[in-house]
Amino acid sequence: MDNSKGRVIAFIGTGLMGGPMARNLLKAGFTLRVWNRSVEKAQALVADGAVLASSPADAAKGADVVITMLSDGKAVGDVLFDSGVAEALEKGAVVIDSSSIVPPIARDHADRLKALGIGHIDAPVSGGVVGASAGTLAIMAGGDEALVSSLSDVFAAMGRLTYVGPSGAGQLCKLANQQIVAITIGAVAEAMMLVEAGGASREGFRNAIRGGFAESRILELHGERMVKRDFVPGGPSKFQLKDLNGVLATAKDLSLDLPLTQTITEEFADFVGDGGADIDHSGILLYLEKLNKREH
């Protein structure tokens, strides 16, 4: 497969993350066919030059590359194997799955596609809606290294590519990323509560420690959301919980005990169960405030 912009890409799942990723591929000059379960989210890309497909299989027919950005492993499997995408693809085509799913499912999809002569790369991303819109996502790619390299121009339109190992390795690294994100969000939220309870300013605290050892993108972006109490989802808590459950399932398979991850998972489970599913994951602050009965 050459590296020209002449290749046809099918983008399946153009929601919160997929929409801006698809838009950046259009800006880079790729031919793009799009499909989304809620058709209006795919329709919104037509003005940018995308072709609206009537089904996943319609999007995939004749495509050189299919990119999926869906909610979980079941959704990806349904699209690939039950909705006709795999059957619609010609041998030599490649599926890039940017969804966050558990490694065993990614490896299973790779094996099933390989039997059909279709390549597979698990390439989940980190950076949220901000990174997706800016084209600065951190992309963790697992699969055949030469195949990943041959698609460098596709990845470059969406963010910064890092090859992390064989099939499933991309998903494993994404789980580890989400593990760090969740624990750090929890730490920032608890620190915000501590300083306020003691009489300090949350905003002043955040500004004071930026540039020190506690500096991070979480402190910068999610810390600001906590100060402003703006919890419109960039990353819904239900997806954070899904990923944390994936981390714990993987840890169990590897005979690892991860107490910090276990604790933050229980907190997100309680928060999601108490109505926080569609609130941004920085909204775990709301759960901790309720736990401490500190209302705003």
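1. Helix 1 (residues 18-27) is largely enclosed by the rest of the structure, because eight of its ten residues are buried; buried means under 20% relative accessible area with a 1.4 Å probe and protein chains only, exposed means over 50%, and partly exposed lies in between. The buried positions of helix 1 are Gly18, Gly19, Pro20, Met21, Ala22, Asn24, Leu25 and Leu26. Just after helix 1, Gly29 adopts a positive phi of about 100 degrees. Helices (H or I, at least four residues) and strands (E, at least two) are DSSP runs, numbered from the N terminus.

2. The model is predicted: local features need pLDDT of at least 70 and side-chain atom pairs count only at pLDDT 80 or more, whereas totals for chains, interfaces and linings use all residues. Residues are numbered from 1 along each chain as its sequence is written, and side-chain values use heavy atoms, with hydrogens and water left out.

3. Strand 1 (residues 8-12) pairs with strand 2 in the parallel sense over five bridges; two strands pair if DSSP finds at least two bridges between them. Within this pairing, Val8 has Thr31 of strand 2 as its bridge partner. Strand 2 (residues 31-35) is itself largely enclosed by the rest of the structure, since four of its five residues are buried.

4. Strand 1 also runs parallel to strand 4, to which four bridges join it. Here Phe11 stands opposite Ile67 of strand 4. Strand 4 (residues 65-68) in turn pairs with strand 5 (residues 94-97), again in the parallel sense and over four bridges, with Val95 of strand 5 as the bridge partner of Val66.

5. In a regular strand the side chains alternate between the two faces of the sheet. In strand 4, Val65 and Ile67 point one way, Val66 and Thr68 point the other way, and all are buried.

6. Ile12 belongs to strand 1 and counts as buried because its relative accessibility is 0%. Apart from neighbours within four places in sequence, Ile12 is in contact (heavy atoms within 4.5 Å) with Trp35, Pro56, Val66, Ile67, Thr68, Met69, Leu70, Val79 and Val85. The C-alpha atoms of Ile12 and Gln262, which are 250 residues apart along the chain, are separated by 33 Å.

7. His120 lies in strand 6 (residues 119-122) and counts as buried at 7% relative accessibility. Leaving aside neighbours within four places in sequence, the contacts of His120 include Val94, Val95 and Asp97, as well as His109, Gly142 and Leu147.

8. The axes of helix 10 (residues 169-197) and helix 12 (residues 217-228) come within 10 Å and cross at roughly 45 degrees; axes are lines fitted to C-alpha atoms, for helices over the stretch in contact, and angles run from 0 to 180 degrees between N-to-C directions. Helix 10 and helix 12 are therefore oblique to each other, given that angles under 35 degrees count as roughly parallel, over 145 as roughly antiparallel, 65 to 115 as roughly perpendicular and the rest as oblique. The residues in this contact include Val181, Ile185 and Met192 of helix 10 and Leu219, His222 and Met226 of helix 12.

9. Helix 10 also packs against helix 15 (residues 284-291), at an angle of about 45 degrees and with the axes 9 Å apart. Helix 10 and helix 15 are therefore oblique to each other. Among the residues making this contact are Gly186, Glu190 and Met193 of helix 10 and Leu285, Leu288 and Glu289 of helix 15.
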